[in-house]
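Please look over the sequence and the model before reading on.

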Amino acid sequence: KYLESQKSIMDSQIAGVTGYIDDEIKKLEDEKEARENLNKEVEKAITLAEIQEKLRKARENKTVRIFKQGIGFVYEADMEEIKSAEKELEDFKFQEQIDEIDKQINAWEKYKEEWQSIPGAFQKEQDRLNAAQIIANIQEAKNWTDRIAIANAKKNEYNAILQQINDINGEISSGGNSSGGKSYDPSVDYSALINGG
């Protein structure tokens with residue numbers, strides 16, 4: 001039971017550390033997403049200004065020579081160029097509406113995720129508390145080599161506990177063997193022996 005308890009604690013520590021790592025990755029992904037969104041907004045503002053300028057020039061530029069009765073030849077704005085610029089502006093505004101709907105969908109998805117995370121929040125906090133020392137060591141580690149060494153040390157500790165559990169389970173299930181193996185004695189408190197008692 002002692003080894004099972006130690007394994008359970010280590011499972012919780014592992015979950016806490018991987019949860020911490022996931023949280024750090026999520027923070028970086030959120031920062032990246034915020035920067036990308038800001039860049040997209042700036043690009044959209046520039047594109048809108050360019051389209052509006054193109055339409056303004058199309059309306060003001062008198063480039064098409066037309067003959068008018070009683071006046072003669074005059075220059076007017078190119079209606080095809082104006083229509084093309086107006087269509088480009090309409091398409092841009094339509095895409096902005098679609099992008100706004102996508103933002104609302106994403107906000108609802110994040111809101112839903114928050115609600116879905118409530119049941120696991122308690123266990124996640126317990127795992128984080130169990131992993132507090134490991135997380136402190138990770139934060140103090142100066143480079144990735146040190147961090148990987150910490151992870152490998154915990155892995156070796158975990159594997160040693162699993163091996164001890166397997167050894168004890170093997171001895172119990174075999175009931176001893178002819179080569180001098182020990183047999184299970186129900187009157188002996190093995191957890192006290194394991195704990196050093």
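Which residues are linked in a network of salt bridges? They are Glu 41, Lys 44, Asp 99 and Lys 103. The model is a predicted one. The chain has 197 residues, of which 14% count as buried.

**Overall organisation**
- Six helices and two strands make up the elements of the chain.
- Read from the N terminus, these elements follow the order α-β-β-α-α-α-α-α.

- Lys 54 is partly exposed at 41% relative accessibility, and Glu 88 is partly exposed with a relative accessible area of 30%.
- Arg 59 forms a salt bridge with Glu 86, with 2.9 Å between the closest N and O atoms.
- Because Arg 59 lies in helix H1 and Glu 86 in helix H2, the pair ties together parts that are 27 residues apart in sequence.
- Arg 59 has a relative accessible area of 44% and is partly exposed; Glu 86, at 29%, is also partly exposed.

- Glu 109 forms a salt bridge with Lys 112, and their closest N and O atoms are 4.0 Å apart.
- Both residues lie in helix H2, three residues apart, which is about one turn of the helix.
- Glu 109 is partly exposed at 36% relative accessible area, as is Lys 112 at 41%.

**The second largest pocket**
- The second largest pocket holds about 230 Å³ of space.
- Helix H1 (2–60) and helix H2 are the elements that give two or more residues to its lining.
- Helix H1 provides the largest share of this lining, five residues.
- The lining has seven charged residues, two polar residues and no nonpolar residues.
- Among the lining residues are Glu 41, Lys 44, Asp 99 and Lys 103, which are also the members of the salt-bridge network.

**Surface patch and a contact along the chain**
- Phe 94, Ile 98, Ile 101 and Ile 105 make a nonpolar surface patch of about 360 Å².
- Ile 105 lies in helix H2 (residues 79–116) and is partly exposed, with a relative accessible area of 44%.
- Thr 47, in helix H1, is partly exposed at 31% relative accessible area.
- The C-alpha atoms of Thr 47 and Phe 92 are separated by 8.6 Å, although the two residues are 45 residues apart along the chain.

Conventions
Residues numbered from 1 in each chain as written. Predicted model: local features only at pLDDT ≥ 70, side-chain atom pairs only at ≥ 80, totals over all residues. Heavy atoms only, no water. Patch = residues over 30% accessible without salt bridge, like charges linked within 9 Å, V, L, I, M, F, W, Y side chains within 5 Å. Areas by Shrake-Rupley, 256 points an atom, 1.4 Å probe, with all protein chains shown as cover. Salt bridge = Lys/Arg side-chain N within 4 Å of Asp/Glu carboxyl O. Helix = DSSP H or I, 4+ residues; strand = E, 2+ residues; numbered from the N terminus. Buried < 20%, exposed > 50% of the residue type's maximum accessible area, 1.4 Å probe, protein only. 1 Å grid on protein atoms, 1.4 Å probe; cavity = no way out; pocket = protein on both sides within 12 Å on 5 of 7 lines; lining within 4 Å. Points joined across faces, edges and corners; volume = space filled by probe spheres on them. Nonpolar A, V, L, I, M, F, W, Y, C, P; charged D, E, K, R; others polar.
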